[in-house]
Amino acid sequence: MKSRFHTVFVLSLLLTCSAFGAAEPGGNGDSIQDMQCGGACHGDASINETSSAILSLSSPETIYVGIPTTLTLTATNLETSSTRLIGLFLLTDTTGHSDTPQDAGWEVLSDANGGAVNYLEQTLTPGQNETSISWVIRASTLGSTTFYAAIHHGGGDSSPFFGTTATGFEVSVEPVPENLPRLAADFTPPTLRTLDSPTELNIQTQFTDSIQFEWKSEDGLISNALVNSTGDNSWITTIPAALQPTTVQWRVILEGEGPEQTTPWFTLAAEESSWEVSENAVYLQAFALLFMIAGIVITLQIRFTSTSTPSKYDETPLILEELALTDAQPPSQELAPPPLPATGLPTDWTKAQWDAYGHDYLAGKYGGGQV
Amino acid sequence: MISSETLHVVTTELVVGAFSVAGLSFTLCLLLHLGILKQPSWTSVFDHVAHFTLAFGLVATPFAILSGLSSAPGEGLNSPILVNKMFLSMTGFGFALGCLISRWRLGGKVWSTTKSVVLHSSSGLAAVGSMLLTASAGGTFTRGESLLDIFHLPYEQVLLFPVLVSVIGLLLGATMLVLSWKRMNSSSTVH
């Protein structure tokens, strides 16, 4: 009874601990995520408490199909855990399933952290209780779409918190006016570059006669860069090398027959050059490890295991069996009883004892030697 | 359509869960056979649980490796952590394979001597340890933190052999497997 009580107590304790450990205080990394990360960020939605954060979305008044636009999320009244980490979602519904902008036909071209995903994590500075981040997105179809924002963060008592925008933010996508200078529909801005080398940008446009290129570093200082034409609606420019893993933002001002257009700020993150290795060598070594270790384990196991089954040429067990039978036979069955000594039986001996051990007596093993 | 990221989460949870139970069972088997834990009736139970869960984890491991490769950001093995994950998971695969083949072909004889008991339990526990290290490396790769960070494991360092050494190791390992297999067959009860 006592052991059962202990078992129930331990199981209950483990189940309780699972709720405390459901959140990921270190974050889940920027990625494409449905609302609640499909349960991967804060575990089951039922364990979340409601966030006090106030979220609001904003965008330019006019959005054209196929032309990048900026969607900005402002979060205020933020209360976080000691890690000050928050996760922000851009969504197109709040069902928790197939609710990313990509699911609704939108393309995320750039995000505030230098990627192109709808879920971003940000670490607030001490005392900071509001923030604002932007996504550059592009619609592929006409019509209206309702966007939502959501937030994940921790709290003082280790509880996970979740919140969404109170209402959806509806945007309407309009057809592109004739001859509007714009980026080419298939142009995808880069989001990453390597450290210590200048970045050459090739920009493709449509209905554009000239462009101006602007970029700004994290301190907000805006600079211009020289742009050269490399053909019809094709341009090339260079951004100076980054010496540290920081981000820069860039945009172009497009001029042509139609009204002048300014693109959103695209974010470009600098990172160390990618790590390279010969994949064939890795796979070869991995399989070598597999076979070597399995082979060594089995070989040693055979060596250490008592496998006494003999081969068909090994007659050792038969010989041992015969020897055992030989040893088991009492000597009295092989040898006849010795003749009685002239003085008769030794003192206190019986006739049966003489028959069995008389030879030993005569050999001097009993009572001081032969009579 | 299930994304490779989701499939990787599912398969790794299967692998880690199964291997964790196997690790616990192998530990108990070791204690039981060494006489430290005196519950003879548990011997058979944990022997079966250990090997069944190890086999289950082993079946799920290739799916975890393949889904992990396809869900990793970027092209191919572009991080030392991914390479170490590959080495650790294949090492664990080797330990588990050797342990299971031994138990299958040698039967209960693997528990017959103290050396054999220690070796068999150790190989099972080494498989579990390798898989848990792989999972820890995965946590470090995706979230930048892991429960095993307290040990400051060098996930960023890769020990890559020259190709010739790997080829020799591969041939040597395959030869050992073949010879061991023949030896186990020659001493089987069928013979």
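## Before we start

What you see is a predicted model: local features need pLDDT of at least 70, side-chain atom pairs count only at pLDDT 80 or more, and totals for chains, interfaces and linings use all residues. Residues are numbered from 1 along each chain as its sequence is written, while chains are lettered from A and ligands numbered from 1 in the order in which they are written.

## The two chains

Let's begin with chain B. It has 5 helices and 0 strands, so its pattern along the sequence reads α-α-α-α-α. Helices here are DSSP runs of H or I with at least four residues, strands are runs of E with at least two, and both are numbered from the N terminus. Chain A has 5 helices too, but also 21 strands.

How much of each chain is buried? For chain B, 47% of the 191 residues count as buried; for chain A, 31% of the 371 residues do. A residue is buried if 20 or more other C-beta atoms lie within 10 Å of its own, exposed if 12 or fewer, and partly exposed in between, with the C-beta atoms placed from the backbone. Now for contacts, meaning two residues whose C-beta atoms, placed from the backbone, lie within 7 Å. Take the contacts with a separation of 6 or more: residues 24 or more positions apart account for 79% of them in chain B and 69% of them in chain A.

## Where the chains touch

How many residues of chain B are in contact with chain A? There are 51, and they meet 37 residues of chain A. On the chain B side, α1 (4-33), α3 (80-106), α4 (114-143) and α5 (163-186) each supply at least two residues. The largest share, 15 residues, comes from α3(B). By class, that side of chain B has 25 nonpolar, 21 polar and 5 charged residues. In this scheme Ala, Val, Leu, Ile, Met, Phe, Trp, Tyr, Cys and Pro count as nonpolar, Asp, Glu, Lys and Arg as charged, and the others, Gly among them, as polar.

## α4(B) and its two partners

One partner of α4(B) sits in the other chain: helix α2 (residues 279-304) of chain A. The two helices pack at an angle of about 160°, with their axes 8 Å apart. Axes are lines fitted to C-alpha atoms, for helices over the stretch in contact, and angles run from 0 to 180 degrees between N-to-C directions. That makes α2(A) and α4(B) roughly antiparallel; the label is for angles over 145 degrees, with under 35 roughly parallel, 65 to 115 roughly perpendicular and the rest oblique. Their crossing is left-handed, which means that the near helix is turned anticlockwise from the far one by less than a right angle (clockwise would be right-handed). From α2(A) the contact uses V297(A), L300(A), Q301(A) and F304(A), and from α4(B) it uses K115(B), S116(B), L119(B), H120(B) and S123(B). These divide into 4 nonpolar, 4 polar and 1 charged.

The other partner, α1(B), is in chain B itself. It packs against α4(B) at an angle of about 150°, with the axes 9 Å apart, so this pair is roughly antiparallel as well. Again the crossing is left-handed. The residues that meet include F19(B), G23(B) and F26(B) in α1(B) and L125(B), V128(B) and L132(B) in α4(B). In this contact 14 residues are nonpolar, 8 are polar and none is charged.

## A closer look at α3(B)

Back to α3(B). This helix has 27 residues and reaches 38 Å from its first C-alpha to its last, close to the 39 Å expected at 1.5 Å a residue (the expected span is 1.5 Å times one less than the number of residues). It is mostly covered, with 24 of its 27 residues buried. Just after the helix, G107(B) takes a positive phi of about 65°.

Most residues other than glycine have a negative phi. Which residues of chain A have a positive phi without being a glycine? Among them are N179(A), at about 60°, and D196(A), at about 70°. N179(A) lies in the loop between β11 (169-174) and β12 (182-183) and is partly exposed, with 13 other C-beta atoms within 10 Å. D196(A) lies in the loop between β13 (192-194) and β14 (199-206) and counts as exposed, with 11 C-beta neighbours inside 10 Å.
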